[in-house]
Every structure is written in C-alpha cells, then in structure tokens.
Amino acid sequence: RGWPTILLLSAAFGLVQAGLIDQSLFHLEFAADDPAWATEQPATPIPGLRIDARNLLNFVGGHMIWSFAAPIAVVESCVPRRADRPWLGRVGLSVMVVLYLGAAAIIFSESNSPLGATPAQMIGTSAAVLALAVAAFAIPRRSAPVPGRVPPPWLIGCGAAAVLAGHQQLPGTWAGAAMDVLALGVLGALLLFWSGRTRWGRKHVLTVAGAALVVNAVTSFWVEPLGNPSYAAKYAANTVMTLGVLALLAWAFHRLRHPEATTGTESGAAADSENAAQPQTVARNRSIK
C-alpha cells in the first residue's frame, strides 16, 4: 500500500516498543547510568500524561525512521526484483511473530519497574497503537503518479540529512521540540508530494534512507557510550559501523543500477515465469485480434 502505510505502521510499532515493551516513554529516569541522561533531565513534560514531548519524538520517531522505514528502504534497494512482493510467507511470518514476542517478553521482564507505565498509560498507548494501525489501512491507495519535476536524489538526500541531523542535535526544550516537529513535518510533506511524480524512483527513496543511516553513524562519534570504554575501543567501533553503513549503501546503489545482476536461481525462476506466461499472452492477443 506504499510508504504512507509503512510509516503509520512503523509509528505504531514505535509506540509498542517505547510505550508497552521497555516503557522508556514513561521512564523519566529510565537510563540513570547514561551520562547524557544524567545531565539532560527531561525539560518538556506533558502535564497529566507523565511523558516528555522530546522523548516522544526521539523514541517513537527514532523507531519509525531508524528501526523500520530506513532498513525497509535499504533492503528493498538491495533486492529490487523482490521489492514489490511479500518478503515472507505464512511460515516465515509465524516464526517472526514468535521471535518478536519472545524478545519483547525478555525486554519487558528486564525493564519492568515501579517507574514504568501505569494501567491507564498502557490502555492509552494501546488505543493509540490501534488507531495508527487502523489508519494505516484506512487511508486511500495512492493514485497513479502524475508528470512533474523532482529534485535530484543527491539534493533530496542532503536536505534529509540536514533535517535528521537537526532532529538528533536540537536541544531538549519546547522550542527545540517545536522546531523538530516543523522540520520533520516539512520534510515529510515534500517527500509525499515528490513521490507522487513520475520521475520519483527507488534511488530517491534509498538516498533518503541512506541519509538517515549516515546521520546515525556519524553522530555516534560524539555520543558518550555506556560502560566507560576506552576511547580507542569507542572510535574503533564507530569507524567500523560507519564503514559498514557506507559499504551497505554502496551495494544498494549498485543493485539499483544493475538489477539484472541476480543469482542463477533468481534468473532461472524469472525466466520460467516469463516462459509460462507467454502462451497465455499469445492466446489473449489472438482473442483480441
């Protein structure tokens, strides 16, 4: 059903993870051992809800963009021939559900504390998750693309990187939260507008997703890690992760440029499917004549 549905479902999963599983959304003192958390206490509490607006943007928005949307876009680019088909069948989906629920149970048991969500907060979060899921499938399907100009992928990627870097670095104040919502909203509106044009392609989508991954990788260099590791270990890990991200994105762009570079099994399956369809096509053409 397209990216609007994917993003709404990603937001729903973000709420599930931050609001129901580890409940970090309701832990205003969730990571007391985190150096950054200890010096940057939440400054944008929402009265009556016992949550912080900035944390809501960071946790749910972070899951929506970095846990789901960007990885989906990169994987679709790495395997463009399968991008428009389901990744898993019934067995695969069943296995993934069991694994996800098992991991969720472990995280929930380890993070559950008196500072977690209240019953009312759990009910409210569940209702919001359900509303997002319903909206994801209730929105109308997008119409066919219309002619129109679209900025080049590199320019859209630079703009996305600037907005997402700001999302990571804006101060945890009401002014910072307002600027964050405005910037993300403008970026989302522009991407929605451009994606309805015929010149919009997978390379544009990959560039936006790649910008998100690169921003996170680069940001890791000045984030203070947990556990007080040596600077050599920290920067070595940051460097390896960044190089891994760049290598993955390079491979994804290569696959978009050369989608025919598939394995023999894929090519054979595609050829068999095409050959099987030829008699039906000939029959339809004769019928039309």
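A salt bridge here is a side-chain nitrogen of Lys or Arg within 4 Å of a carboxyl oxygen of Asp or Glu. With that in hand, take a look at this predicted model. D180 and R54 form such a pair, and their closest N and O atoms are 2.7 Å apart. Searching the whole structure turns up three salt bridges.

## Helices α8 and α9

Two packed helices are described by the angle between their axes and the distance between the axes. For helix α8 (residues 202-219) and helix α9 (residues 231-257), the angle is about 175° and the axes are 10 Å apart. An angle over 145 degrees counts as roughly antiparallel, and that is why α8 is described as roughly antiparallel to α9.

If you want to follow the contact in the structure, α8 brings in R202, K203, L206, T207, G210, L213, V214, N216 and A217. From α9 come M241, T242, V245, L246, L249, A252, F253, L256 and R257.

## Helices α1 and α4

Helix α1 (residues 3-21) packs with α4 at an angle of about 35°, and their axes are 10 Å apart. On the α1 side you will find F13, V16, Q17, L20 and I21, which meet Y100, A104, I107, F108 and S111 of α4. Eight residues of this contact are nonpolar and two are polar, with no charged ones.

## A nonpolar patch on the surface

Helix α4 also takes part in a surface feature. Which residues form the nonpolar patch on the surface? They are V75, W87, L88, V91, L93, V95, M96 and L99, and together they have about 760 Å² of accessible area. Helix α4 (residues 90-111) gives the most to the patch, with five residues. W87, another member of the patch, is found in the loop between α3 (53-78) and α4.

Technical notes: Residues numbered from 1 in each chain as written. Predicted model: local features only at pLDDT ≥ 70, side-chain atom pairs only at ≥ 80, totals over all residues. Heavy atoms only, no water. Axes fitted to C-alpha atoms, helices over the stretch in contact; angles between N-to-C directions. Helix = DSSP H or I, 4+ residues; strand = E, 2+ residues; numbered from the N terminus. Parallel < 35°, antiparallel > 145°, perpendicular 65-115°, else oblique. Contact = heavy atoms within 4.5 Å. Patch = residues over 30% accessible without salt bridge, like charges linked within 9 Å, V, L, I, M, F, W, Y side chains within 5 Å. Areas by Shrake-Rupley, 256 points an atom, 1.4 Å probe, with all protein chains shown as cover. Nonpolar A, V, L, I, M, F, W, Y, C, P; charged D, E, K, R; others polar.
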